[in-house]
Each structure stands twice: as structure tokens, then as C-alpha cells.
Amino acid sequence: MSGTTNLIFQKLKKSASSKRATFCLGFFKAFPGGYGEGDQFLGVIVPEQRKIAKTYYREISLDEVSELLNYPFHEVRLTALMILVYSFEKLESESEQKEIVDFYLDHLHFINNWDLVDSSCYQILGAFYHEKDKSLFYELATSGNLWTQRVAMISSLYWIKKDNFADTLKLAAKLKNHPHDLMHKAVGWMLREIGKRNFEVELQFLKTHYKTMPRTALRYAIEKFPEELRQDFLKGRV
């Protein structure tokens, strides 16, 4: 363990709360049979993790980030991913960005809960592949691993923010009937984000797919719709 890695861990421990750690076990379903089974928590609030990540991201190596990602504690891994995001966003060289992208992909098995995915994948993978071939994301979508598949879906948030919807829609169609409700929420969320920027694009997608979408995905997608139209979708009248 390097000095920097240990220092970050000690700072996180100093901000830990046993009460919050207990809450997180339930919130992130870390109990037996839950999607986060086996995860451990220190009980550190996210703003404190961001503060620590911003303090150290300029002076930490990828090897040290790898050490942090190997920690059993959820907050240590999330802090490591925040460090990666801050580091990536400051890079101008594509070759340096690619190094972080490759590192991220090599460590996907440590990115194993929804907040870890959502706090990092679109800022790194989505950003890097914005104007590149998207075949990687279709491979991730067929991986059979919930978190890797969520990475594929949520990475597209970056493209949505750039008003590029095509691959998001294709991934949504591919993943909308995934067996887990966390994927239903991810699909619905991305469709809702499209609708914020182009209502007609989302509307046309839903007209085609809403009758075969899980209820959770549909509810997320139409959350901001006018109430009458929302009810039309929920009651199958569209």
C-alpha cells in the first residue's frame, strides 16, 4: 500500500459514521441476496469523498488508484472513480485519455453498484467514445453482467447531452426487457433525458416500444410528461 493510498483511506475513515454505514448496507442492498451482497461501508458522505478526490487526483498514479479500487469498502472505490473522472477531464491528449479508458475497462469488475457506475462511466467512456465507433457498448450490453450492462446504458448520457440519441435508443431497445429493475430504471432514465432535449424523439420511441417495456422503465421515461399523456401511456391508450 502506497503512502498516498493509505492517506486517502485514513481520511475517509476519519469521516466515517457507523450509523451511516448501517444505513448504506440497506440502501445499496448489500445484504445476502441483494444486488450489492458482500459490499462493505465506512459510512462517508459523498461530498466528503469528492473533496478528498479533488485534493489528491493530481498526485496519484494509476497503480495507486488500482489499489483503492481493490479495497472492500464501497466509499474507497467511489473515491477512486472520482479521482479517475477528475484526472480524465483535465487531459487534452487522446493517448493519455485512452490510458484511463483502458484502465477503467480493466477494472470494471470493481465498479459493482449503481452509484459507482453512474458517477463515472459517462464522464469517461461516454466522453471518450462520443465521436468514435460505439461497438464496445453493444458488447458490454450483451455481457450478461448487470453492472457492465448498466455501464453500456448510462455511458450514453454523455451523447445525449451532445444531442446524439441514435445509440442510446438502440441500447434502450436492446436492454429494455432486462430481468433486473435497475436496468429498467437506467433505460427509463436515459429515455427521459432524451425527452428533455427532444420530446418527439422520445415520444416516437415510446409509441413503438411502450407496450413491451417493463412498467418501471415506462414510468421513469414518462415522469415529466403532461399528466393526460402520461396516463394514456400507463393505460395503453396511445
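The model you see is predicted.

**Exercise 1.** Find the residue just after α16 that takes a positive phi, then look at the helix itself.

*Solution.* Next, step back into α16, which spans residues 227–234. Its buried residues are R230, D232, F233 and L234. Finally, look at what lies over them: the cover includes α14 (199–209) and α15 (215–221).

**Exercise 2.** Work out which helix gives the most residues to the lining of the largest pocket, and what kinds of residue make up that lining.

*Solution.* First, gather the lining: F27, K29, Y35, W114, D118, R150, D181, L182, K185, A186, W189 and Y220. Then sort these residues by helix. Both α7 (114–118) and α13 (181–197) supply at least two, and α13 has the largest share, with 5 residues. Now sort by kind: 7 are nonpolar, 5 are charged and none is polar. The space inside comes to about 200 Å³.

**Exercise 3.** Describe the largest nonpolar core and follow the contacts of L191.

*Solution.* Begin with the general idea: nonpolar side chains tend to be buried together in soluble globular proteins. Here the largest core has 78 residues, and Y104, I124, F137, M153, L191 and L206 touch the most other members. Helix α5 (residues 74–90) contributes the most, with 10 residues. Now take L191: beyond its neighbours within four places in sequence, L191 contacts L169, A172, E202, F205, L206, M213 and A221. To finish, locate a second, separate core of 5 residues, among them A21, F28, A30 and F41.

Key:
Residues numbered from 1 in each chain as written. Predicted model: local features only at pLDDT ≥ 70, side-chain atom pairs only at ≥ 80, totals over all residues. Heavy atoms only, no water. 1 Å grid on protein atoms, 1.4 Å probe; cavity = no way out; pocket = protein on both sides within 12 Å on 5 of 7 lines; lining within 4 Å. Points joined across faces, edges and corners; volume = space filled by probe spheres on them. Helix = DSSP H or I, 4+ residues; strand = E, 2+ residues; numbered from the N terminus. Nonpolar A, V, L, I, M, F, W, Y, C, P; charged D, E, K, R; others polar. Core = buried A, V, L, I, M, F, W, Y, C linked by side-chain atoms within 4.5 Å. Buried < 20%, exposed > 50% of the residue type's maximum accessible area, 1.4 Å probe, protein only. Contact = heavy atoms within 4.5 Å.
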